[in-house]
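Hi everyone, thanks for coming. Please take a moment to look at the sequence and the model before I start talking.

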Amino acid sequence: MDVVKTGVALPALHRAFVDTVWRDGSTGALHACACFAEQLLSDATAAAPPVDAAGLAPVRKELRELCTALARDMATDPAAPARAADQRIAVVERALGRATATVEVAWRSAAAHRDEQTVALLWHAADWKTPECYGYDLADPELSLVQAADWLTTRPRHEPVLVVAVRTGGSYLAPFWQASVEDAGRAAGPWHSVRPVRTAGGITLHEAELAALPSELRSGTVVVLVDDQPDTGATAKAVRACLAERFPSVRDIVLAAPGRLYDPNGPVVKVLTERPVVRSGKDRLWQHADAGDIVRLADRARSAGVPLASGGVHRSVPFRGPFLAKYGTVPTSAKNGGARRIDPRSHPFSLVVDGDIRQQDQATAYHFRFIGTGPHGLHCYRALCAMSELLPPGIAFVDGYLVAPHETGLQPLRETLPTLTEHQRRHVLGAVARSWHALRSLGEMGRPGTDAVYDPRARLGQALRRLRDRMGRPLPVDDAWLARHVPDRAPLGGTDGVLFRSPLPYGHGFWHWQLTDAEDGGVAPALRRFGLDWIWGGGGCLESEVASFVVENRLDGPARDLLREAVGDVMGDTRAFDAGLRLGGEALYWNVKTWLRRCPVVTGATADRIEAELAAQAHYVSGLD
């Protein structure tokens with residue numbers, strides 16, 4: 001059934017998400033979609049000029065009330081069909097439409113060029129964010145309602161409670177707290193949400209968001225901040241400080257996350273209470289994997305349709321990617337003083353019969369990579385199915401995992417492409433161009449236009465300085481190289497002004513592009529791209545994709561010419577390709593960010609390999625001039 005139409009052209013990614021939720025039809029899916037809309041609309045409202053923001057207030061109020069009502073329903077049964085689905089999905093679409101229109105106008109405002117808080121809010125409003133409870137710190141969010149109700153029993157009976165969500169995660173969790181305090185007759189007013197933004201002055205809240213909070217609170221009111229689990233606690237403490245200044249009479253501010261309550265008022269964020277964050281006894285892959293129960297893991301996979309080989313005992317083998325093999329990594333201590341997180345995203349695995357993936361074939365080995373639970377994960381899976389040319393046949397989606405059969409004989413494109421015939425290279429590079437067109441079409445998040453710009457040179461320079469400090473040695477890329485090879489101004493959405501969800505932040509390495517065995521008779525190999533999903537990505541444009549692919553795979557002149565021709569055929573012109581070559585130096589940025597993220601300590605052989613790779617990339621980019 002088609003989704004309800006509002007006449008507003010939503011970005012393709014948002015439109016498809018609404019469609020996924022509509023097809024799912026459950027209360028839990030609609031709740032997630034409404035909360036997704038809330039955080040986008042609130043970001044847009046905070047970034048908009050005051051006259052435009054005032055017109056959004058009634059829409060935001062209606063949407064937050066819907067989120068609260070859906071939270072009540074979801075706490076009863078997340079899988080139950082959503083009540084009044086037509087009317088409720090219309091509210092969500094109306095809110096998304098207003099957010100889309102507001103953001104497109106705000107990108108062209110003067111504040112978008114000079115105010116770093118506004119720019120940060122617009123980036124958030126144009127992004128796709130999977131909340132941690134559905135992505136990499138799993139929780140059953142509906143349990144938050146009982147968590148809130150139990151907490152209220154420990155408080156004075158007539159104490160008012162103001163619920164403030166910290167976006168993004170708080171937008172999905174705060175409605176449960178609001179529902180609970182309303183049901184107890186303790187609400188100090190409607191719930192609000194705020195977006196902490198990082199500026200040169202630290203973590204702050206936009207003045208428009210502070211102004212939207214109540215002007216005063218009744219005596220004895222306690223403020224409950226609702227967010228995902230804190231990492232360092234810096235964000236929670238910064239938000240707490242802003243609210244304490246806003247409400248000087250409030251003496252009690254509490255931080256609530258799934259299963260945990262925290263005290264953010266001291267020098268460190270301290271855990272006050274703790275309870276389970278997921279329902280026990282559920283038959284879900286990630287729960288069996290977390291418990292190390294391979295028998296139930298294999299049984300659940302089979303019951304969901306994964307054709308695991310019968311006979312023989314399956315083993316779970318951690319998937320060790322090329323990055324770990326080349327650079328290694330240094331274990332880090334658990335976040336938040338030992339807080340345990342359910343994070344299947346960081347633990348991909350393979351189910352094999354004998355434990356040696358190299359001896360497996362498609363009939364006996366399957367890879368499990370987590371892409372998100374709930375409608376966020378399902379939406380990602382639907383998008384991947386639409387890009388099936390890049391994936392092996394026979395993929396499945398089970399409990400948040402993308403399940404794919406093992407393919408033998410895959411080889412990095414960078415190593416294989418030079419050995420192919422021109423006909424085969426043309427076919428492969430045509431598939432690359434088609435994949436970008438599909439990614440842009442499916443993952444469009446907004447149209448900031450060509451006036452909204454960023455500074456690739458400054459961004460890379462800052463990352464390089466951090467890497468140099470961590471390595472404790474000079475790098476083969478200096479300021480003079482940056483000035484020659486990286487522009488200081490580039491449009492966010494590229495030459496056509498379209499921003500889309502790109503895998504580059506986590507899927508930029510040359511090993512993410514693989515080719516199957518070339519068949520006899522000159523048939524070209526099939527293209528595979530690893531790291532495709534909506535959790536791991538970020539906002540990007542076609543030029544950035546071109547720059548990264550060309551540099552990572554060290555395309556020679558004839559191959560670049562073939563790719564340019566393919567991009568022109570698919571996109572209608574070669575402007576993005578030509579601009580991508582001029583942006584080639586940006587390809588180093590994704591590598592530097594990954595080294596900083598995955599190598600907290602860089603010494604010895606790892607430092608040597610990083611330095612060598614950085615030098616090789618810089619040398620190749622120099623030759624593009």
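**A walk from His14**

Let's begin with His14, which, leaving aside its neighbours within four places in sequence, is in contact with Phe36, Leu40, Asp127 and Met445; contact means heavy atoms within 4.5 Å. Before going on, please note that this is a predicted model, where local features need pLDDT of at least 70, side-chain atom pairs count only at pLDDT 80 or more, and totals for chains, interfaces and linings use all residues. Residues are numbered from 1 along each chain as its sequence is written, and side-chain values use heavy atoms, with hydrogens and water left out.

Is His14 buried or exposed? His14 is buried, with a relative accessible area of 3%. Here buried means under 20% relative accessible area, exposed over 50%, and partly exposed in between, with a 1.4 Å probe and protein chains only.

His14 is found in helix α1. Helices are DSSP runs of H or I with at least four residues, strands are runs of E with at least two, and both are numbered from the N terminus.

Now to the partner of α1. Helix α1 (residues 12-24) packs with helix α2 (residues 27-47) at an angle of about 155 degrees, and their axes are 8 Å apart. That makes α1 roughly antiparallel to α2, a label for angles over 145 degrees. The axes are lines fitted to C-alpha atoms over the stretch in contact, and angles run from 0 to 180 degrees between N-to-C directions.

Which residues meet? From α1 come His14, Phe17, Val18, Val21 and Asp24, and they meet Ala29, Leu30, Cys33, Phe36 and Leu40 in α2.

Next, the core. The largest nonpolar core has 148 residues, and those with the most contacts inside it include Trp436, Phe549 and Leu563. A nonpolar core is a set of buried Ala, Val, Leu, Ile, Met, Phe, Trp, Tyr and Cys residues joined through side-chain atoms within 4.5 Å. Not counting residues up to four places away in sequence, Leu563 touches Leu429, Val432, Trp436, Phe549, Val550, Leu555 and Phe577. A second, separate core of 21 residues includes Leu162, Val239, Leu255 and Val269.

My last stop is Gln229, in the loop between β5 (222-226) and α11 (234-246). Gln229 is buried, with a relative accessible area of 13%. Leaving out residues up to four places away in sequence, Gln229 touches Glu132, Asp137, Ala257, Pro258, Arg260, Tyr262 and Arg341.

Definitions and conventions
Parallel < 35°, antiparallel > 145°, perpendicular 65-115°, else oblique.
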